[in-house]
Amino acid sequence: MTDKAIAIYCFLDDFFKLSAPKEDAHCKLNDAEIATTALLAALFFYGNQGSAMKYMREHHGLKMIDKSGFNRRIHRLEARLIALFHSLGFTLKDLNISSRYIIDSFPVAVCRNCRIPVCKLLKGKAYHGYNEAKKEYFYGFKIQVIVDEDCLPVDYFVLAGSFADVTALQSMTIDLPAGSELYGDKGYTDYEQEDLYAQHEQIYLRIHRKINSHRPDQPWEVFLKNHFRKPIEGAFSQITDLFPRHIHAVTAKGFLLKVFLFLLAYTFDGLTPHAL
């Protein structure tokens, strides 16, 4: 953990120095220390920022601020951390020689179903979704993630839980290099989108076909699609394993920020020390 904390801090410190003006000299913690603590919370403490703050104070000698001030600081860093995530995504795309990518989604519930009527974070039927893998309903968001061949996230998109995967495909902008292949399950079936991306962006959507598809696959295509899509299930398992039983947040924005920190922490964890 210590080596990873130092590697993450060094990377973030260089990034913030290059991308932002000089920080206030009166701050007890600089932006890199705040962001490092938040990522360690997501990576090792199930998102518990208080435990991560205690670790950084006891093992790295940081003069930690109070929890409320820490929360305000990490919210102010949200836009820059998202920019960092996209910068890492662009770099991973450049390094992806195979040009193969996978898209899929996983649900994130904000509360148990029995607590939906008294939920304060979200309101409305738009957040009522169905988890096909577990055959159960949930109340929250669907996180769409595009990963490279090594299952490292290069892009993500958030929708309310009731929206289908094909709606996300129609709503999001797929920014991949020309000649890329994007594999997805049958929930992303949209022939018009496939044709548009192929003609104008040279991005080829390799979507698993339904039984009654008007564009049925040959047996060898079915095999390849299943083979290249399979690793993303393991990646999602590793991401959700970082989650606590319940993600504590006071606002929907804070909830999504914590989900994003889990994604960013997983990306950092997947990068080699040499890459960092």
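1. In this predicted model, the residues that line the largest pocket divide into 22 nonpolar, 10 polar and 13 charged. That lining is made up of 45 residues, and those nearest the centre of the pocket are Pro107, Val108, Ala109, Asn131 and Phe138, while the space inside the largest pocket comes to about 1,500 Å³.

2. The elements that contribute two or more residues to the lining of the largest pocket are the strands β1 (100-111), β2 (128-131) and β3 (136-147), together with helix α9 (231-241). The most is given by β1, which supplies eight residues to this lining.

3. The second largest pocket holds about 390 Å³ of space, and its lining consists of 22 residues, with Gln49, Asn71, His248, Ala249 and Lys258 lying nearest its centre. Two or more residues of this lining come from each of α3 (49-60), α4 (67-76) and α10 (252-270), and the largest share, six residues, belongs to α10. By kind, the lining of the second largest pocket divides into 10 nonpolar, 10 polar and two charged residues.

4. Turning to the helices, α1 (residues 2-19) packs against α2 (residues 31-44) at an angle of about 140°, and their axes lie 9 Å apart. Because angles over 145 degrees would count as roughly antiparallel, the arrangement of α1 and α2 is described as oblique. The crossing of these two helices, α1 and α2, is right-handed.

5. On the α1 side, the contact is made by Lys4, Ala5, Ile8, Tyr9, Leu12, Asp13 and Phe16, and the residues of α2 that take part include Asp31, Leu39, Leu43 and Phe44. Taken together, the residues of this contact divide into 11 nonpolar, one polar and four charged.

Definitions and conventions
Residues are numbered from 1 along each chain as its sequence is written. This is a predicted model: local features need pLDDT of at least 70, side-chain atom pairs count only at pLDDT 80 or more; totals for chains, interfaces and linings use all residues. Side-chain values use heavy atoms; hydrogens and water are left out. Axes are lines fitted to C-alpha atoms, for helices over the stretch in contact, and angles run from 0 to 180 degrees between N-to-C directions. Helices (H or I, at least four residues) and strands (E, at least two) are DSSP runs, numbered from the N terminus. Angles under 35 degrees count as roughly parallel, over 145 as roughly antiparallel, 65 to 115 as roughly perpendicular and the rest as oblique. A crossing is left-handed if the near helix is turned anticlockwise from the far one by less than a right angle, and right-handed if clockwise. Contact means heavy atoms within 4.5 Å. Ala, Val, Leu, Ile, Met, Phe, Trp, Tyr, Cys and Pro count as nonpolar, Asp, Glu, Lys and Arg as charged, and the others, Gly among them, as polar. On a 1 Å grid over the protein atoms alone, a cavity is a set of points where a 1.4 Å probe fits but cannot get out, and a pocket is an open set with protein on both sides within 12 Å along at least five of seven lines; lining residues have an atom within 4 Å of a point. Grid points are joined across faces, edges and corners, and a volume is the space filled by probe spheres set on the points.
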